[in-house]
Amino acid sequence: MAWVRRTSWGQGELYETLCLLMIGTGCFLIGSLLGAFEVATTFILHNGLLDFVMQAGCMAVALFGAAVRKSLILRRTMLERDAAAKQAEAIARHDALTGLANRRLFVEAVNGLSGRMEGGERAAVLLIDLDRFKPVNDLYGHAAGNAVLCAVADRLEDLLPVNGIAARLGGDEFALLVPFTGGIENLKRLAQQVITSLVAPISWNGGAVKIGATIGIALIAAESDADTALHAADLAMYQGKREGRGTYRVFEDSMDTELRERAALEAELREAIEHGAIEPFYQPVVSLPQRDCVGLEVLARWRHPTRGLLGPDQFIPIAEETGMIADLSYHLLRQACLDARSWPSHLLLAINIAPQQFQDRDLAQRILAILAETGLSPRRLEVEITETALVQDLEAARTTLTSLQNLGVHIALDDFGTGYSSLYHLRELKFDKLKIDRSYVDTITMSEERAKLVDAIIKLGSSLGLVTTAEGIETDASVAWLSGQGCNFGQGYLFGKPMPKGEVMRMLQAGPRPEQIGISSMPESRIHAVPMEAIIHCGVGRAA
């Protein structure tokens with residue numbers, strides 16, 4: 001923002017100067033009419049005081065000059081003070097990095113508009129939250145992050161309608177205050193233009209950085225203030241985040257109700273974790289094609305006092321977003337280890353580690369501490385990692401998994417084919433197993449393209465010395481096809497639903513089902529690093 005320094009006289013100063021000039025002119029006229037100047041001249045000449053009067057006149061001129069100089073200095077000081085005060089006020093109302101309005105100025109503008117609503121003026125707030133901004137800071141440094149924020153500010157100003165205000169509210173959160181004219185479709189069109197603009201690559205050090213944005217839209221009512229409008233826009237933006245990011249949502253009253261329900265569920269979840277109300281359920285894993293029960297996958301279940309038995313899809317996302325996933329995972333691991341002590345000593349126990357947990361540098365030590373506490377050998381543990389964790393921080397994943405592998409822990413790549421994994425990841429991290437996601441397995445007998453993809457994954461695993469597990473098997477036809485392609489293990493509702501600890505004990509004590517008696521075990525050459533006896537997967541994901 002350019003600041004114009006005032007150099008002309010103000011209206012009050014000019015008026016004061018004219019008054020002084022008029023007073024001086026009046027004194028001269030009065031002295032002339034009364035003959036005072038002639039009497040004074042005669043007196044000075046008669047007494048020889050001319051030199052004295054001349055000296056006094058020169059001194060008066062000097063004093064007048066000094067007074068004028070002091071007045072000019074004082075005037076300049078006052079102007080500089082006023083300019084500094086205005087600049088300080090502007091800085092207090094604008095973001096220092098981007099030059100956009102800050103939260104204070106934005107709130108004042110919204111509150112000012114609400115007072116003019118009765119005259120027919122209408123407006124809306126667009127709350128913009130950047131997607132994938134944190135990795136920019138982590139990977140390229142804060143200088144790159146600042147460059148991205150400045151680029152975002154420039155693009156928002158380019159799209160800003162006439163009489164609109166663009167603001168940076170803090171961090172990677174921006175907002176637009178725009179006139180509401182032409183209906184809600186105009187606001188939706190503007191929101192989509194903003195998203196499209198921000199998705200475009202941003203140049204940085206000869207390369208390109210890509211981000212995205214999720215936007216919440218809220219109309220400003222005559223009786224609402226800035227806090228109400230921003231809260232409504234935040235609820236709409238949060239809804240967009242939940243539905244996949246990179247989109248916009250318009251505030252609806254139901255969103256407030258949903259948020260309150262979620263907040264209540266979050267508080268209840270925190271209490272449930274603290275009191276151990278989340279328990280593991282177990283789902284059978286079988287060898288293919290024999291269908292011998294070779295293990296169990298543990299899935300989280302919450303016995304809610306009023307909602308009944310809740311599946312992981314109803315509370316795991318909340319745990320991940322609120323940072324409770326680590327405590328939940330450690331609780332499940334500890335409980336699974338205690339359960340495994342009553343099972344045969346050759347059984348392997350595996351745990352699914354959430355991507356957020358790899359930000360903890362002490363993750364490996366925490367897992368080993370639980371193993372030591374429960375008396376379970378590290379060689380009986382298998383850690384499952386999703387592809388998302390590799391993308392978020394490959395080095396952190398490498399460090400943690402290497403530490404665990406050095407102690408004998410097995411590593412599996414879960415939900416293979418649904419994320420961002422590449423041959424580079426398979427090469428850098430020495431996995432023991434690939435788990436094929438159920439989204440591929442569901443349609444292998446109906447879609448030739450899906451069947452080809454699953455066949456390629458199985459062959460890839462075999463070529464790398466990895467065993468494969470297919471999740472979500474529900475038909476005998478899928479078993480036959482997967483067995484024919486060389487898939488080692490399978491799980492799904494065809495073999496059994498998740499069950500509590502008591503039913504697992506009864507199943508283990510009952511032994512194999514009649515149709516499994518006499519079926520030989522898989523050859524060891526097809527097992528590689530995974531023991532044939534049994535695999536117990538302990539995770540917090542959904543049922544396969």
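**Close-up 1. Trp302 and Phe315 are both buried.** This is a predicted model. A pair of aromatic rings is described by the distance of the centres and the angle of the planes. For Trp302 and Phe315, the centres are 5.7 Å apart and the planes make 85°. That arrangement is edge-to-face. Trp302 sits in strand β9 (residues 293-304). Phe315 belongs to the loop between β10 (308-310) and α10 (316-322). The pair therefore ties together parts that are 13 residues apart in sequence.

**Close-up 2. Arg450 lies over the face of Tyr440.** The distance from Arg450 to the ring centre of Tyr440 is 5.2 Å.

**Close-up 3. Five strands form an open sheet in the order β2-β3-β1-β6-β7.** Pairing in this sheet is mixed. Strands of a sheet pair through backbone hydrogen bonds, either parallel or antiparallel. β2 (165-170) and β7 (248-250) are the edge strands, and each pairs on one side only. On average, neighbouring strands of the sheet are turned by 20° against each other, direction ignored.

**Close-up 4. Strands β1 and β6 run antiparallel.** β1 covers residues 123-131, and β6 covers residues 212-219. The two are joined by 8 bridges. Leu130 stands opposite Ala213 in β6.

**Close-up 5. Helix α7 packs on the sheet.** This helix spans residues 184-199. α7 touches β1, β3 (173-179), β6 and β7. The direction of α7 makes about 160° with that of β6.

Terms used: Residues are numbered from 1 along each chain as its sequence is written. This is a predicted model: local features need pLDDT of at least 70, side-chain atom pairs count only at pLDDT 80 or more; totals for chains, interfaces and linings use all residues. Side-chain values use heavy atoms; hydrogens and water are left out. Rings of Phe, Tyr and Trp (its six-membered ring) pair if their centres lie within 6.5 Å; planes under 30 degrees apart count as stacked, over 60 as edge-to-face and the rest as tilted. Helices (H or I, at least four residues) and strands (E, at least two) are DSSP runs, numbered from the N terminus. Buried means under 20% relative accessible area, exposed over 50%, partly exposed in between (1.4 Å probe, protein chains only). A charge sits over a ring if NZ of Lys or CZ of Arg is within 6 Å of the ring centre and within 35 degrees of the ring normal. Two strands pair if DSSP finds at least two bridges between them. Axes are lines fitted to C-alpha atoms, for helices over the stretch in contact, and angles run from 0 to 180 degrees between N-to-C directions. Contact means heavy atoms within 4.5 Å.
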